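Trainee: I have a structure to read and would like to go through it slowly. Could you take my questions one at a time and show how each answer is reached?

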Amino acid sequence: MADDYLVRIGKLIRDARQHRGWTQTQLAEALATSQSAVNRIERGNQNISLEMIARIGEALDSEIVSLGYAGPMHLRVVGRRRLSGAIDVKTSKNACVALLCASLLNKGRTVLRRVARIEEVFRLLEVLNSVGVRTRWINDGVDLEIVPPAELDMESIDSEAAIRTRSIIMFLGPLLHRMDRFKLPYAGGCDLGTRTIEPHMIALRRFGLEVTATEGIYHAQVERSVSPDRPIVLTERGDTVTENALLAAARHDGVTVIRNASSNYMVQDLCFFLEALGVRVDGIGTTTLTVHGIPQIDVDVDYSPSEDPVEAMSLLAAAVVTESELTIRRVPIEFMEIELAVLEEMGLDHDRSAEYAADNGRTRLVDLTVRPSKLEAPIDKIHPMPFPGLNIDNVPFFAAIAATAQGKTLIHDWVYDNRAIYLTDLNRLGGRLQLLDPHRVLVEGPTRWRAAEMMCPPALRPAVVVLLAMMAAEGTSVLRNVYVINRGYEDLAERLNSIGAQIEIFRDI
């Protein structure tokens, strides 16, 4: 019973720290203790006095015993409010998690600018901290500094944090250069034989990495005599698969050719970052990447990841479903062009500014103004394709948009087995979506949205789509347990409120 009490206190402290945006190392510094001690407290593995609880509460500017953060976060949404003004797109979630993994390649200091402060990033930071990497938020919590140790302590890895992020798979590429044997937890009981994991293994075996999986652990072993002797052909043009191959190739002493590579936005950002580390990458933006690896990387690097095209699409969809005029600034236009072409066909009234460069100096941005429009269902189905096609993660937003249009729209989400099913949650809010099979849904519009109380879908983009529909619905809706949204969006409710939404965050007490 006492141990259970310590676990509950530990979770309260962990949630309070994350709410503040601190790492375990930062809290440890404030308490004049060690990161490992904070880790034990948060796991419920260390007795803790009332005096220590008070000190932690003071450091975090929160009274731990009355926080109310032990339970899940919910949103109360007052709908039918028009949005107005302008909002900036945040940096890319998927780029940021790739760059955190890539920082393990570098023996020097890495500074990442305007890092997305989201749950996925927090989980990776906890994993990095647990193996000895020092991280801290600098410049008023806007930027992130990363300093690796001489040797990683993989035996102390925070397994709980690791299994809550699928990004942990991207540790394989950089770690194979640092040690001959290591273990990693894997998320969600993934089987190495599944479609999403095996392509990683096919690529990384060419660098001598062999992995077996037992009881939720990857057991990795590296054979140093093995290296790519011909181009690596990826069996799946996946983003994380391409990133893992890039991470492995970056410190391989030689030239590695990667074919059937993804050229999506997060892959390009990773390539730009590798170039900042001194690794030459030819073919960025194409499906053939040539990496001129260097065996040792020890540089101080400062890099700014670009903006997130999926967040840009989220904000555009918010304007469409609420029939609002809204300016979305810093939109990475080269990763939104197909989406905008489809929306133009549907009748979207919008204009865009002249192009300008993102802070990384490479990605093209525009400011996009969207106005209330009478949309018609597109003639062709909506379906994703690898870049430069319609982005896989932007497909769900077309369900909400199509529900506002006149006519029937077929959405074919062929990549994921279950995501189309979650889109039918819109029917609870007045939508008319017919599931044809696990990949295809027929959306009929226009829709008169109505308020409802419901659980958040367990998939990130469908969860946000439900939130947007609630913003368009007459009355007050409740969306329960929105952790999945916090995994991919920073302060989304507050930011939507800043442009006219009325969304209240609350928790069960």
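Trainee: Where is Asp 140 found?

Mentor: This is a predicted model, in which local features need pLDDT of at least 70 and side-chain atom pairs count only at pLDDT 80 or more, while totals for chains, interfaces and linings use all residues. Residues are numbered from 1 along each chain as its sequence is written, and side-chain values use heavy atoms, with hydrogens and water left out. Helices (H or I, at least four residues) and strands (E, at least two) are DSSP runs, numbered from the N terminus. With that in hand, Asp 140 is found in the loop between β4 (134–138) and β5 (143–147).

Trainee: Is Asp 140 buried or exposed?

Mentor: Buried means under 20% relative accessible area, exposed means over 50%, and partly exposed lies in between, using a 1.4 Å probe and protein chains only. The relative accessibility of Asp 140 is 83%, and therefore Asp 140 counts as exposed.

Trainee: What is the phi of Asp 140?

Mentor: Most residues other than glycine have a negative phi. Asp 140 is not a glycine, and yet its phi is positive, at about 60°.

Trainee: Why does Ala 32 count as exposed?

Mentor: Ala 32 lies in the loop between α2 (24–31) and α3, and although it is not a glycine, it has a positive phi of about 60°. Ala 32 counts as exposed because its relative accessibility is 72%.

Trainee: Which residues of helix α3 are buried?

Mentor: An α-helix has 3.6 residues a turn, so residues three or four places apart point the same way. Helix α3 covers residues 35–43, and Gly 44, with a positive phi near 80°, follows it. Within α3 the buried residues are Gln 35, Ala 37, Val 38, Asn 39, Ile 41 and Glu 42.

Trainee: With which side chains does the side chain of Glu 307 make a polar contact?

Mentor: Glu 307 sits in the loop between β13 (301–303) and α12 (309–321), and it counts as buried because its relative accessibility is 2%. A polar contact is a pair of N or O atoms within 3.5 Å; within protein, one must be able to donate a hydrogen and the other to accept it, and residues adjacent in sequence count only if both atoms are side-chain atoms. The side chain of Glu 307 makes such a contact at 2.8 Å with the side chain of Arg 330, and another at 2.6 Å with the side chain of Arg 114.

Trainee: What separates the C-alpha atoms of Glu 307 and Pro 332?

Mentor: Contact means heavy atoms within 4.5 Å, and once neighbours within four places in sequence are left aside, the residues in contact with Glu 307 include Val 89, Lys 90, Ala 358 and Pro 332. Glu 307 and Pro 332 are 25 residues apart along the chain, and their C-alpha atoms are separated by 6.2 Å.

Trainee: Which residue's backbone oxygen lies 2.7 Å from a polar atom of the side chain of Arg 206?

Mentor: Arg 206 is found in the loop between α9 (198–204) and β7 (209–214), and it is buried because its relative accessible area is 16%. Leaving aside neighbours within four places in sequence, Arg 206 is in contact with residues including Val 226, Asp 229 and Ile 232. The backbone oxygen lying 2.7 Å from a polar atom of its side chain belongs to Arg 230.

Trainee: With which side chain does the side chain of Arg 81 make a polar contact?

Mentor: Arg 81 has its place in the loop between β1 (73–78) and β2 (86–88), and with a relative accessible area of 38% it is partly exposed. Not counting residues up to four places away in sequence, Arg 81 touches Thr 322, Met 471, Gly 500, Ala 501 and Gln 502. The polar contact of its side chain, at 3.1 Å, is with the side chain of Gln 502.

Trainee: What is the omega of the peptide bond from Gly 445 to Pro 446?

Mentor: Most peptide bonds are trans. Pro 446 is found in the loop between β20 (440–445) and β21 (453–455). The peptide bond from Gly 445 to Pro 446 is cis, with omega near 0°.
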